[in-house]
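These questions and answers are for someone meeting the structure for the first time. Each answer ends on the value or name asked for.

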Amino acid sequence: MTKQKKRSMTLYEGLVFFLLSCCLSVYSLVHHAQAEVVWKQSPYLFPLLVSFFLLPLSLSVIKQGLGECGQTKEQFQGRTTLVMICSVALYIVFMGYLGFIVSTSIFIMFTIRYLGEKRWVVSISLALLFPLVLYWLFATLLHVMLP
Amino acid sequence: MADLMGILSFAFDIKFVLLVFAGSFAGLFVGAIPGLSVSMATALLVSITYSWQTTDALATIMGVYVVGVFSGALSAILINIPGAPSSVVTTLDGYPMAKRGEAYKAMSYAIVYSFIGTLVGFVALFLLAKPISSLALKFTPMDYFLLALFGLATVGSLTSKQFSKGLISAALGLLFSMIGIDSVMGTARMTFGIRNLQAGINIVPALVGLFGFSEVLSSISSSLEDGQVSNVSKTPISMREMLRQGPISLWYAAIGIFVGALPGAGGPVASFLAYSQAKRLVKNPAVPFGEGAIEGIVASETANNACIGGAMIPMLTLGIPGDAVTAIILSVFYVHGLRPGPMFIQTSGEMFHAIIAGGVVGSFFLLLLGYLAAQRIGTVLSIPKRVLLPLVTVLCVIGSFAANNRMFDVLLMFLFGLLGFFMRRRSYPVAPMILALVLGGMMDSNFRRAVSLASSEDHLLIALFGRPITLILLLLVLFTLATGSNIFSLKRNRS
């Protein structure tokens, strides 16, 4: 990660929080006006307070982003992480269609192999046994109706 | 006396003891395996124990908490990777001892002094909880608001490298806590027409996402390499030699209890402070500190386990959690319809007894499981992350679903997991967010109640802040906010 990149990320973070603070203030003021209640009872009093709290903090992050320097190289497995995030998203989506046991077996098999497990016996046995044991545990013992 | 009898009735209840054992057994692995954490396990347990009796849920969670905090030391000693943040200091002397072939001795000291630390912490909880509750009965709504704000400010300052990032995390948590139907006026806030959000953000998927799924992603994104496990060979240690550190360990335990009671400080700060004290107090250790001094392990392990009892004190008496795990335990009470606070011990004495009994029984299981596992834990530590992390992900999904039997909670868990992952990557601590999410509703209602009450008085500011307790709390909040950056620079200098 380069010096320039790091600085700009912190700066962008600060800008996002600044925008969030402004949006929250506007949201609270507009909705309070529509609610027609006094401030002391308004449900938008506390959100407004939080937006005021967030404002100087966002400015502090912006200031820090502007003045940040130094080079840090961090280990980051970007591709592996992205594949993991996508596979979890697909797992959640397909759980509704395929059911818990099938979708979990496919998910475990794929991710274990993708993350580098070479032994087929371990991959297959975990992919089959783990969902079955969990299903039995949750459905029978904890009375949770899984998809 | 009645309290003691209540605690003993739980401690001799077979079902209760078995549940503590189950939790302790799980805690041993969760704490020891790097990549899994006690907060992650307790967050998952909240979802699993959702439909259980509160005392059963507490028994299991206390077992995980007590043994999980200790077992972080096992991986710290054997592979130089702390299983839990509070065991970071243990690596300094534990791993050099393991390299010298004294892993068993290092683990034995960690076991015995974690046990002593836990017991002293729970004795302090037993003795101090009632007096603090009596004091808290005098609190007004503004005092509660300021106390929660003080908690968030200290958590923000102690859990982050940058004070502003810790506070931003807390502010985001407050923002999330406001989503849903407002408890005072019954108005829907920030739901943006999404019906599932009307009941608010469910704490369970948020917890599982922020502490579970985000930790899985962080582990994957950093490295999938596993540590080299040191050999463990049993060497006899005399009881006399073992207990030589006993008297000084009480001082480390006192440090742990005090730091644990401060919102947000927790085990890592306690073990570090105790270690600094050990270096100051023990002038001539047999081996220098940092090269395998047994005194270093004693200080670190006694203090971080004494923190558990300390962290329970503000949670039970004031409703303000001392660390991430107690914030999760607070959510256990919330999901079971209980509200910890000054009246909690009087109105729900059974829960108070269950927590202390769970902690004490858990500490004996720590001793038992610790010694049984000491020689075999190497096998567990060699379970590769590539196998473990997908299984934990499945547990996160099923755990968030189980809370309400709805897929929307799984989606929430996924989104909070991504948020937590990005926060960790960008050095925003997740603990202040979860603390704010738990405390936000209470802060909102107390703040509005305080303003409403004060508005009928002649002098608004005097009505709001005129009482001595309120003034002290206000000064504490202002002091923490003003010196936040200094607190950090002190911490950094110590590191």
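Predicted model: local features only at pLDDT ≥ 70, side-chain atom pairs only at ≥ 80, totals over all residues.

Q: How many helices and how many strands are in chain A?
A: Read from the N terminus, the elements of chain A run α-α-α-α-α. The count for chain A is therefore five helices and zero strands.

Q: What percentage of the residues in chain A is buried?
A: A residue counts as buried when its relative accessible area is under 20%. Chain A has 147 residues. The buried part of chain A is 39%.

Q: Among contacts in chain A between residues at least 6 apart in sequence, what percentage joins residues at least 24 apart?
A: The contacts considered in chain A are those between residues at least 6 apart in sequence. Among them, the part that joins residues at least 24 apart is 55%.

Q: Which residue of chain A lies over the face of Trp120(A)?
A: The distance to the ring centre of Trp120(A) is 3.7 Å. The residue placed over this face is Arg113(A).

Q: What distance does helix α2 of chain B reach from its first C-alpha to its last?
A: Helix α2 of chain B covers residues 14-32, which is 19 residues. At 1.5 Å a residue, 27 Å is expected. The reach in the model is close to that, at 27 Å.

Q: Which residue has a side-chain oxygen that reaches the backbone nitrogen of Lys15(B)?
A: The contact is at the start of α2(B). The oxygen comes to within 3.1 Å of the backbone nitrogen of Lys15(B). The residue that supplies this oxygen is Asp13(B).

Q: Why are Tyr109(B) and Tyr113(B) separated by about one helical turn, and what are their relative accessible areas?
A: Both belong to helix α6 (residues 103-136) of chain B, and they are separated by about one turn because they are four residues apart. An α-helix has 3.6 residues a turn, so residues three or four places apart point the same way. Tyr109(B) is buried at 2%, and Tyr113(B) is buried at 0%.

Q: What type of aromatic pair do Phe139(B) and Tyr144(B) form?
A: Phe139(B) is buried, with a relative accessible area of 15%, and Tyr144(B) is buried at 14%. Their ring centres are 5.7 Å apart, with 65° between the planes. Planes over 60 degrees apart count as edge-to-face, so the pair of Phe139(B) and Tyr144(B) is edge-to-face.

Q: Which residues does Ser400(B) contact, leaving aside its neighbours within four places in sequence?
A: Ser400(B) is found in helix α18 (residues 385-404) of chain B, and it is buried, with a relative accessible area of 0%. Its side chain reaches the backbone oxygen of Cys396(B) at 3.0 Å and the backbone oxygen of Val397(B) at 3.0 Å. With neighbours within four places left aside, the contacts of Ser400(B) are Pro205(B), Asp409(B), Val410(B) and Met413(B).

Key
Residues numbered from 1 in each chain as written. Chains lettered and ligands numbered in written order. Heavy atoms only, no water. Helix = DSSP H or I, 4+ residues; strand = E, 2+ residues; numbered from the N terminus. Expected span 1.5 Å × (residues − 1). Polar contact = N/O pair within 3.5 Å; in protein donor to acceptor, adjacent residues only side chain to side chain. Buried < 20%, exposed > 50% of the residue type's maximum accessible area, 1.4 Å probe, protein only. Phe/Tyr/Trp six-rings, centres within 6.5 Å; stacked < 30°, edge-to-face > 60°. Lys NZ or Arg CZ within 6 Å of the ring centre and 35° of its normal. Contact = heavy atoms within 4.5 Å.
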